[in-house]
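Here's a walk through the model you have open. Keep the sequence and the 3D view side by side while you read.

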Amino acid sequence: MGEWSEYFSDFPEENPANWVNGRFIHPNSQEARDLAHARRVQNLWQAKVATEQAALDAEIQEIIRKHSKD
């Protein structure tokens with residue numbers, strides 16, 4: 001008996017990661033490449049937003065600190 005990765009390469013429809021919204025997408029298809037690209041773009045965008053939000057939060061905290069009574 002081989003490794004799970006060998007099994008999934010022989011039977012990609014058995015790999016739960018190849019099912020998106022209840023539909024099988026072959027891992028070597030253009031659709032799978034498009035989905036992977038969309039996920040990468042989404043992750044980059046979320047990281048950018050998180051970085052900007054952290055900077056804004058820090059700026060807000062600094063304003064509050066400056067204007068609060070000690």
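Arg65 and Glu62 both sit in helix α2, 3 residues apart, which is about one turn of the helix. Helices here are DSSP runs of H or I with at least four residues, strands are runs of E with at least two, and both are numbered from the N terminus. Arg65 and Glu62 form a salt bridge, with the closest N and O atoms 2.5 Å apart. To count as a salt bridge, a side-chain nitrogen of Lys or Arg has to be within 4 Å of a carboxyl oxygen of Asp or Glu. Glu62 is partly exposed, at a relative accessible area of 32%. On that scale, buried is under 20% relative accessible area, exposed is over 50%, and partly exposed is in between (1.4 Å probe, protein chains only).

Lys48 and Glu52 make another salt bridge, and their closest N and O atoms are 2.7 Å apart. These two are 4 residues apart in helix α2, so about one helical turn separates them. Lys48 is partly exposed at 43% relative accessibility, and Glu52 is partly exposed at 41%. The total by this rule is 3 salt bridges.

A quick word on ground rules: this is a predicted model, where local features need pLDDT of at least 70, side-chain atom pairs count only at pLDDT 80 or more, and totals for chains, interfaces and linings use all residues. Residues are numbered from 1 along each chain as its sequence is written, and side-chain values use heavy atoms, with hydrogens and water left out.

Arg23 forms a salt bridge with Glu31, the closest N and O atoms being 2.6 Å apart. Both ends are partly exposed: Arg23 has 43% relative accessibility, and Glu31 has 33%.

Now look at Asn21, in the loop between β1 (19–20) and β2 (23–24). Asn21 isn't a glycine, yet its phi is positive, at about 50 degrees. Is Asn21 buried or exposed? Asn21 is exposed, with a relative accessible area of 79%.

Helix α2 covers residues 30–67, and Ile64 is part of it. Ile64 is partly exposed at 46% relative accessible area. Together with Leu56 and Ile60, Ile64 makes a nonpolar surface patch of about 270 Å². Patches take residues with over 30% relative accessible area and no salt bridge, joining like charges within 9 Å and nonpolar side chains (Val, Leu, Ile, Met, Phe, Trp, Tyr) within 5 Å.

Asn43 is in helix α2 too, and is partly exposed at 48%. Asn43 and Trp19 are 24 residues apart in sequence and 20 Å apart in space, C-alpha to C-alpha.

## The overall picture

The protein has 2 helices and 2 strands, in the order α-β-β-α along the sequence. Its radius of gyration is 22 Å, whereas a compact globule of 70 residues would be near 11 Å. That radius is taken over C-alpha atoms, and the globule rule is 2.2 Å times the number of residues to the power 0.38. The C-alpha atoms fill a box of roughly 70 × 30 × 20 Å along the principal axes.

Buried residues make up 9% of the 70 residues. The accessible surface comes to about 6300 Å², with 57% of it belonging to carbon and sulfur atoms; areas come from the Shrake-Rupley method with a 1.4 Å probe, and for residues only the protein chains shown count as cover.
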